[in-house]
Amino acid sequence: MPKNQYVDPNELRKSGYLKFKDIPLNQYKKTVSEVRGEYTDEELVRIFNDMYVIREFETMLNSIKREGSYNGVAYDNPGPAHLSMGQEAAAVGQAFHLTIDDYIFGSHRSHGEIIAKGLSAINKLSDEELMNIMKEFDNGRILSIVEKYLPTDNVKDLAESFLLYGILAEIFARDTGFTHGLGGSMHAFFLPFGIYPNNAIVGGSGPVATGAALYKKCNKKPGIVIANFGDGSLGCGPVLESLNFAAMDQYRMLWEDEYKGGLPILFNVMNNTYGMGGQTNGETMAYGILARLGAGVTESQLHSERVDGYNPLAVIDATKRKKELLLKGEGPAMLDVVTYRFGGHSPSDASTYRTKEEIAAWEEQDSIKEYSAQLAAAGVLGEDGTVAIKERIIKKLTEIVKLCINDEISPRMDLNACPTRIADIMYSNESKPALDDRKPDVNMPYEENPRVAQIAKKERYAFKNGKPVSKNQAYQLRDGIFEAVAHAFYTDPTLIAYGEDNRDWGGAFAAYRGLTEALPYHRFFNAPISEAAIVGTAVGYAMCGGRALVELMYCDFIGRAGDEVFNQLAKWQAMSSGLLKMPVVLRISVGSKYGAQHSQDWTSLTAHIPGLKVCFPATPYDAKGLLNTALSGTDPVIFFESQRIYDVGEQFHEEGVPEGYYEIPIGEPDIKREGKDITILNIGASLYRVLPAADRLKNEFGIEAEVVDARSLVPFNYDLLLESVKKTGRLVLVSDACERGSFLNDIARNITELAFDYLDAPPVVVGAKNWITPAYELDNYFFPQASWILDAINEKILPLKGYVPVSNQTNAQQIEEAKKGI
């Protein structure tokens, strides 16, 4: 929404025609004989070697899955194996010119891409560099195995064994795998070689890889990023969102000169013409020629072209050209790499959706067979040399299989000896206020920011001389958010923030007002209305070493980023066995006034997902302190805020919200009002309805309620709440989340188990109705009110003398509503 970009009605209404450029289709036709001056014979042979390593590796997996053995070695592998036999040339060609500064991200079918990238890295790195990498990785554990059982004086040969062993041990869920067996076949990676995680979710790497490219761009890091996914993934919304996110006009038109240009990412589509059993060309998709999609994204048409993925030389040429474009800032780019998988979606797939004749036709043109014939015709490698390479690879893989299935050499993670081992890596729990030691890019000193000067004049406590301060004069919850965010921007040079309407407008709810003046575009910008891309790119950005603060304008929009929140953001720390950190804070605003699709409290959904930390502060003091903690940590934090209370002042800390930096530990509830007769636990904005209920209990019935604000849902320290319940013997739990499935029920269950002997009555949950959220005018009938809390206490915990209920909180009503599903 920059005002300098004038939207001219005359220009937009002008008549004319839009013209497109021709899209190259399989234009590369050179053979081995024709490129001997461009490549050394050693390089040409290595291309064959790498293709055959992939083929035999996957032949081995296929044999084990289908027949229970490989080359006489018996083994039962119950895990997944999505194989790419037939696609080897596409993987090896892509990797040929890549360095360890170039990152690849893959799909569930990416063993070949991993191996190709690894072998390419091994070829380019010196012996000393390789030995250092192998010694340092996992304290040399894998290196010690391959040195002992596959000894060789050739460091590159040793590194090849290291790579293949680490991948296979990971696939077989062994503790000696690259991520100790927690990633497995569909999530394997090895960062020192620039191999970033594969993704079991179809198209999942699209936004994640885009975030990695964003990290390289914003932090001036070398290299490019390649997002590998199949043609079937182009039916996935997050992938299409990523194409646009990577190509936004602002990179070229609004970002600072040294940051201008699209993201350095190549969207590499392994087009094997099938998405599981659906045929993408002629059945499930509409593009006809996949390469045409680029024309719908950018004026450059994403530099898109179709390349023959059965010719490794063609893929090498195309990838090299795209890499050169990306390094000049002309990205993003797309390749439609035509290839074919000989096997089914997985070994259990009988390929009944295609004919034997079709498979045979592609096998007849097998890239390994054709390339081998070209090598022979050019006099580069004859049959004896080909056989020698195959025999060497088969022999090595046979020995690696034996090592990987040996429980003494390659044990599985021992969860009997260490039952908490996986639990211990769910969170990294580190405090790193700055993820780089360079000076942060800012436009002005912090103290010169107009918003900072404005806040300095505010009253940091909501009362003065016993009277409430006006809202305009009071330090508000949104001010606490601003101070925490601004501090982080001036501390961590890697921090970037983006979401819908962040820049210029100051955020939808004014929390970011003042940041536009303070920060350059490459650190603070507006994202498209693409929730999946917003969250997914944050995952990739953090995965590469940066910190991201991203925002979903309404809680209800979590559904648009469901996979990115639940499967990507939450899981990568543990799936990587702690190798990856995820310093992402996702701000989510819980709506008010806007009905069924803009006013829901979905805190319980995120609390249900292992791997996420979840906060929901309700006061300025808590908002600033918790956000400070979140923005200095290395874990993913879902930071809920309520639109109802952005303007609330600090009512609990009489000394006011501190001007300086402070942290509040995530997971620690806080007593907002002391009492001795009943405990009321609150989550979120309902705090300001709990307090009037506590007032009525005291003034009308002489009951002193202890009000405890959870502040965080995950983690949650029960110590304070247990002490309160042991003192009062009674517990009511309140939040604006719908009562069914509410996280409050989880707390109530735990308190029942942990404090049963101290309870005088069962804990009672008071939540929103199990309806759609109605219009604002009907809020009082949907969200918990102070009277509902008294009604619940009177009916289920402690009769209130002379009290007349407003709502029906009886057991009979509860049973009847459950019977109706409401």
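Predicted model: local features only at pLDDT ≥ 70, side-chain atom pairs only at ≥ 80, totals over all residues.
Residues are numbered from 1 along each chain as its sequence is written, and side-chain values use heavy atoms, with hydrogens and water left out. Helices (H or I, at least four residues) and strands (E, at least two) are DSSP runs numbered from the N terminus. Axes are lines fitted to C-alpha atoms, for helices over the stretch in contact, and angles run from 0 to 180 degrees between N-to-C directions.

**Helix pair α8 and α19**

- Helix α8 (residues 205–218) packs against helix α19 (residues 531–543) at about 60°, and the axes are 6 Å apart.
- On the α8 side, the contact (heavy atoms within 4.5 Å) includes Pro207, Gly211, Leu214 and Tyr215.
- On the α19 side, Ala533, Gly536, Val539 and Gly540 are among the residues taking part.
- This contact has 11 nonpolar, 5 polar and no charged residues (Ala, Val, Leu, Ile, Met, Phe, Trp, Tyr, Cys and Pro count as nonpolar, Asp, Glu, Lys and Arg as charged, and the others, Gly among them, as polar).

**Other helix pairs**

- Helix α2 (residues 41–67) and helix α15 (residues 383–404) have axes that come within 10 Å and cross at roughly 40°, and are therefore oblique to each other.
- The α2/α15 crossing is right-handed.
- Among the residues that meet there are Phe48, Tyr52, Glu56 and Met60 in α2 and Ile389, Lys390, Arg392 and Leu397 in α15.
- By class, the α2/α15 contact holds 12 nonpolar, 2 polar and 3 charged residues.
- Helix α4 (residues 111–124) packs with α7 at about 155°, the axes being 10 Å apart, which makes α4 roughly antiparallel to α7.
- α4 and α7 also cross in the right-handed sense.
- Their contact includes Ile114, Ile115, Gly118 and Leu119 of α4, and Ala159, Glu160, Leu163 and Ile167 of α7.
- The residues of that contact divide into 9 nonpolar, 3 polar and 2 charged.

**Seven-stranded sheet**

- An open sheet of 7 strands has the order β13-β12-β14-β15-β17-β16-β21, with mixed pairing (two strands pair if DSSP finds at least two bridges between them).
- β13 (524–526) and β21 (712–714) are the edge strands, each pairing on one side only.
- From one strand to the next, the twist averages 20°.
- Strands β12 (residues 496–499) and β14 (residues 548–552) pair in the parallel sense over 4 bridges, and Ile496 stands opposite Ala548 in β14.
- α19 packs on this sheet, touching β12, β14 and β15 (584–590), and its direction makes about 165° with that of β14.

**Five-stranded sheet**

- A further open sheet, also of mixed pairing, runs β18-β20-β19-β22-β23.
- Its edge strands are β18 (670–673) and β23 (764–768).
- Neighbouring strands are turned by 25° against each other on average, direction ignored.
- Strand β19 (residues 678–683) runs parallel to strand β22 (residues 731–738), and 5 bridges join them.
- Helix α26 (residues 743–754) lies across β19, β22 and β23, at about 160° to β22.
- Helix α28 (residues 786–797) touches β19, β22 and β23, and its direction makes about 150° with that of β23.

**Salt bridges**

- The count comes to 50 salt bridges (a side-chain nitrogen of Lys or Arg within 4 Å of a carboxyl oxygen of Asp or Glu).
- Arg421 forms a salt bridge with Asp175, with the closest N and O atoms 2.8 Å apart.
- Arg421 lies in the loop between α15 and α16 (450–456) and Asp175 in the loop between α7 (155–171) and α8, so the pair ties together parts 246 residues apart in sequence.

**Backbone exceptions**

- Most residues other than glycine have a negative phi, and most peptide bonds are trans.
- Gly331 and Pro332 are joined by a cis peptide bond with omega of about 0°, and Pro332 lies in the loop between α12 (312–327) and β9 (333–338).
- A cis peptide bond also joins Val714 and Pro715, with omega of about -5°.
- Asn429, which is not a glycine, has a positive phi of about 55° and lies in the loop between α15 and α16.

Methods. Parallel < 35°, antiparallel > 145°, perpendicular 65-115°, else oblique. Left-handed = near helix turned anticlockwise from the far one by under 90°.
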